[in-house]
Amino acid sequence: MTDTNHEQLERTLELERNLKYVRQVRHDMDRIATALERYIEWHRDHPEAVAVFKMFLHSGEDEV
Amino acid sequence: MRFLDRLWALDSVDSVAAATWHEFAAAPQLRAQYLSALSHLQSWTTIQWKPDGIAITFDNPGAIADFIRREAWGQNRPARDRLFPSHQRAELYELISNGLESISTVSHDLRELIELTIGEIFLAQEGGSEGGTMSSAVGLIWLNPRIEWGARKTGENIVHEWIHNMLFLADMVSPLFAVDYIGLSAESAHVTSAILHRKRPFDRCYHSAAVAAGLVFLHTISGDIQEADALIGPTIRTVRELQDKPELMTQSGADLIQDVAHFLETRDCDHMVALLSGNATADLSGNAPAEPSGVRLELA
């Protein structure tokens, strides 16, 4: 293999690695966006379902 | 523990901002992008954040209305009765500032993470409570402070409420629970709370275990060893009961509580300090580091 071919192969591999990384980031972002959307929609549509964590007066204990 | 991991926090904050605004924020804009995203997403409430630091406020009509609507606060008392009188405000403002300063003294990195993720500390009076956090108002801490708290207790209460906030952030980007709140509240899902020592819904106890573990860390690095010791036994019991119900947690939720369990067993505060600074990687395996070091205490 010539040096030029070798460099091209290296560049191609690097591009593929970068593309794989970008696809992974996009996949992660889609997953996170879906989770975030569900969280927000749940709280928008279920006001009765809010999780409230209170600290009690005097005892200093937490409601949880 | 994930909620003390600077890299996880930055990544999660970045994710919420990017998912909302469809672009990645430059580092100096990250806080603003995150808090504005929270304000945009939680359209039912109001976070009065400001760009140069945590806003300490004495009125928030939007939040008050939402707290009452969601029955987090009682419905019979007029909103104005919950506001601190003006002659108390300067002293209470100073108390909260000193509380934040006391956190900086113990861990500057912890204070920075709180600053990154909290937009507003809202002070208001509500009978029977010293403060609280709501899953529908991420980015906001409500406190009902008394001057007698002093800086240290104020700092502890801010950290306490901040951990709830971080668990909501964790739940936002990767759900912690495998069933909805009805399933989590079912009698069969109850476990023993680490703090109240009685049976409580699963998510309440999950939060209590994480908060208690965070306070063990805070007390230990503050030198309050007895306070830290007192939390260990009940929290380990709660964690075990939580882990006995794996069907109620996602993998993400199970991993987080395993991190809590691992910390309670090792009390490796050096590792937590490294996580806070961003100079360590989270040990997701649950195994102890090869050569644990630093503040390590025997179980009470």
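**View 1. Strand β1 of chain A pairs with strand β3 (residues 129-134) of chain B.** In this predicted model, five bridges join β1(A) to β3(B), and the two strands run antiparallel; strands are taken as DSSP runs (E, at least two residues), helices as DSSP runs (H or I, at least four residues), both numbered from the N terminus, and two strands pair if DSSP finds at least two bridges between them. A:V52 stands opposite B:M134 in β3(B), while A:F56 stands opposite B:S129. Residues are numbered from 1 along each chain as its sequence is written, and chains are lettered from A in the order in which they are written.

**View 2. Strand β1(A) is largely enclosed by the rest of the structure.** This is so because four of the five residues of β1(A) are buried, where buried means under 20% relative accessible area (1.4 Å probe, protein chains only).

**View 3. Chain A and chain B bury about 3400 Å² between them.** Of this buried area, which is the accessible area (1.4 Å probe) that two parts lose on being put together, summed over both, 63% lies on carbon and sulfur atoms. The elements that give two or more residues to the side of chain A that touches chain B are α1 (3-45) and β1 (52-56), and the largest share, twelve residues, comes from α1(A). By class, this side of chain A has 19 nonpolar, four polar and seven charged residues; Ala, Val, Leu, Ile, Met, Phe, Trp, Tyr, Cys and Pro count as nonpolar, Asp, Glu, Lys and Arg as charged, and the others, Gly among them, as polar.

Definitions and conventions:
This is a predicted model: local features need pLDDT of at least 70, side-chain atom pairs count only at pLDDT 80 or more; totals for chains, interfaces and linings use all residues. Side-chain values use heavy atoms; hydrogens and water are left out. Buried means under 20% relative accessible area, exposed over 50%, partly exposed in between (1.4 Å probe, protein chains only).
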